[in-house]
Amino acid sequence: MSAVAAVLSAVTHSPRGSDLPTCPVCADSMVAAEASAYLADNIISYLWTCDTCGYGFVTKHSLKRLVCN
Ligand SMILES: [Zn+2]
């Protein structure tokens with residue numbers, strides 16, 4: 001088995017908030033998203049890749065409106 005503790009030390013882009021997902025395969029907790037995509041108004045999707053088992057998945061997040069009309 002290999003240790004992966006130090007691999008993600010250089011990650012700079014992570015979604016804000018503490019609502020990080022866990023891997024549905026091995027239940028390891030995700031540290032930071034691989035990529036993010038802006039889908040539509042207030043909707044952002046994140047691509048996650050598990051460092052433990054390599055499983056990739058996408059989550060979608062709705063952002064709260066920051067500007068009042
Ligand atoms: Zn995993």
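Which residues are the protein donors of the zinc ion, and through which atoms?

Guide: Happy to. Keep in mind that this is a predicted model, so treat the geometry as computed throughout. The zinc ion has four protein donors, and each one is a cysteine SG: Cys-23, Cys-26, Cys-50 and Cys-53, lying 2.3 Å from the metal. The angles among those four donor atoms run from 103 to 121 degrees, and the site is tetrahedral. For reference, the ideal angle for four tetrahedral donors is 109.5 degrees.

Now look at where the ligands sit along the chain. Their spacing reads C-x2-C-x23-C-x2-C. Take Cys-26 and Cys-53 as a pair: they are 27 residues apart and link distant parts of the chain. Cys-26 belongs to the segment before strand E1 (35-40), while Cys-53 is in the loop between strand E2 (43-49) and strand E3 (56-62). As for accessibility, Cys-26 has a relative accessible area of 31% and is therefore partly exposed, since that value falls between the 20% and 50% cut-offs. Cys-53 comes out at 38%, so it is partly exposed too.

E2 and E3 form a hairpin with six residues between them, and Gly-54 in the turn has a positive phi of about 85 degrees. The two strands pair in the antiparallel sense over seven bridges.

Put together, the three strands make an open sheet in the order E1-E2-E3, with antiparallel pairing. E1 and E3 are at the edges with a single partner strand each, so one side of each has no neighbour in the sheet. Neighbouring strands are turned by 25 degrees against each other on average, ignoring direction.

One last stop is the loop between E1 and E2, where you'll find Asp-41. Its relative accessibility is 66%, so Asp-41 counts as exposed. Asp-41 and Leu-63 are 22 residues apart along the chain, and their C-alpha atoms are separated by 8.5 Å.

Terms used: Residues numbered from 1 in each chain as written. Predicted model: local features only at pLDDT ≥ 70, side-chain atom pairs only at ≥ 80, totals over all residues. Heavy atoms only, no water. Donors = N, O, S within 2.8 Å, 3.2 Å for Na, K, Ca; no water. Tetrahedral: all angles 85-135°; square planar, octahedral: opposite > 155°, others 65-115°. Helix = DSSP H or I, 4+ residues; strand = E, 2+ residues; numbered from the N terminus. Buried < 20%, exposed > 50% of the residue type's maximum accessible area, 1.4 Å probe, protein only. Pairing = 2+ DSSP bridges. Axes fitted to C-alpha atoms, helices over the stretch in contact; angles between N-to-C directions.
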